[in-house]
Amino acid sequence: MFEAVAFYLFAFLTIAMFYIVVTTKQALYALTALAAGMIFISAFFFILGAEFLGAIQIIVYTGAVMALYAFGMMFFDTTRDVKEAQGNKFIITGLATLAAVLVVLIVSAPIISENITAYYPALPEVGNTQEVGMVLFTKYLVPFEVAAVMLLVAMIAGIVLAGKKMDLSITLMNDAEIHDMKIDQKLDQHKKVLS
Amino acid sequence: MEIGLNHYLVLSTILFAIGLVGVMRRKNLLLLFFATEILLNSVNIAFAAISHYYGDLTGQMFAFFVIAIAASEVAVGLGLLIVWYKRHGNIDLDTMSTMRG
């Protein structure tokens, strides 16, 4: 009973939040609604008994990803309304058809694969976090290491792409140096526009 | 009323359709990234639900790797977006018709 109430409550909240994300014209509303939707999704993981996954969802998505997006939005002009793609009847019809086909496929998939058996059965006597640790560090050790390397590559790429001129500190420079730096930047921009 | 696997799969489908609509109708690249996050999260719900109802941990493992991939995608994508914005002053999809930086 409580499971059903929680499921329908969080399903409604998640769908409402994500609907706001794709329809609003304000980028800030989209960001906050997305953060709220991520937290509501972690509720499903807790209902399903995947506590570790729920904690990871909150930490990674609302802690790291949303903070990164908020940081990135400081660079962009977000006060202006977002332009939308023009409504095309063909695209809308295609999308609706695609969504309907997806519903049929996904609902029929478990019926087709009814004779499926558990490959790594969950152990009832230990907690979810212990189970995850046992499977992750035995069977999925190589993908785990590859994911770690991929995150390192992503970190280096992010630093290289976004962190230019990080060796300069505006707080340690005097006014004349900052003025010179700004003029240099404007010259660079003009050169790029002309080239 | 008992909540079964199909409830979660239908919810996942609805969220996936919402994300798909977002990908199609957005022009701003930042909001396009938000829509891809919705797609990845809806798939995560389906993985966790299947993992629960079949008593198998593989679904949760895949959800972990999806989260790791989403995190690295955000880092690289935002870096590229910042570089583009510094050069061109906007992040609209229509202006990115050329491959030359």
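Predicted model: local features only at pLDDT ≥ 70, side-chain atom pairs only at ≥ 80, totals over all residues.
Local features here need pLDDT of at least 70 and side-chain atom pairs count only at pLDDT 80 or more, while totals for chains, interfaces and linings use all residues. Residues are numbered from 1 along each chain as its sequence is written, with chains lettered from A and ligands numbered from 1 in the order in which they are written.

User: What pattern does chain B follow along the sequence?
Analyst: Helices (H or I, at least four residues) and strands (E, at least two) are DSSP runs, numbered from the N terminus. Chain B has three helices and zero strands. Read in order, that's α-α-α.

User: What radius of gyration does chain B have?
Analyst: The figure is taken over C-alpha atoms, and the globule rule is 2.2 Å times the number of residues to the power 0.38. The C-alpha atoms fill a box of roughly 55 × 25 × 20 Å along the principal axes. A compact globule of 101 residues would come out near 13 Å, but chain B has 17 Å.

User: How many residues of chain B are in contact with chain A?
Analyst: Contact means C-beta atoms, placed from the backbone, within 7 Å. On the chain A side there are 65 residues, and on the chain B side 62.

User: Which helix gives the most to the side of chain B that touches chain A?
Analyst: Helix H1 (5-25), helix H2 (29-53) and helix H3 (58-88) of chain B each supply at least two residues to that side. With 22 residues, the one giving the most is H3(B).

Note on methods. Contact = placed C-beta atoms within 7 Å.
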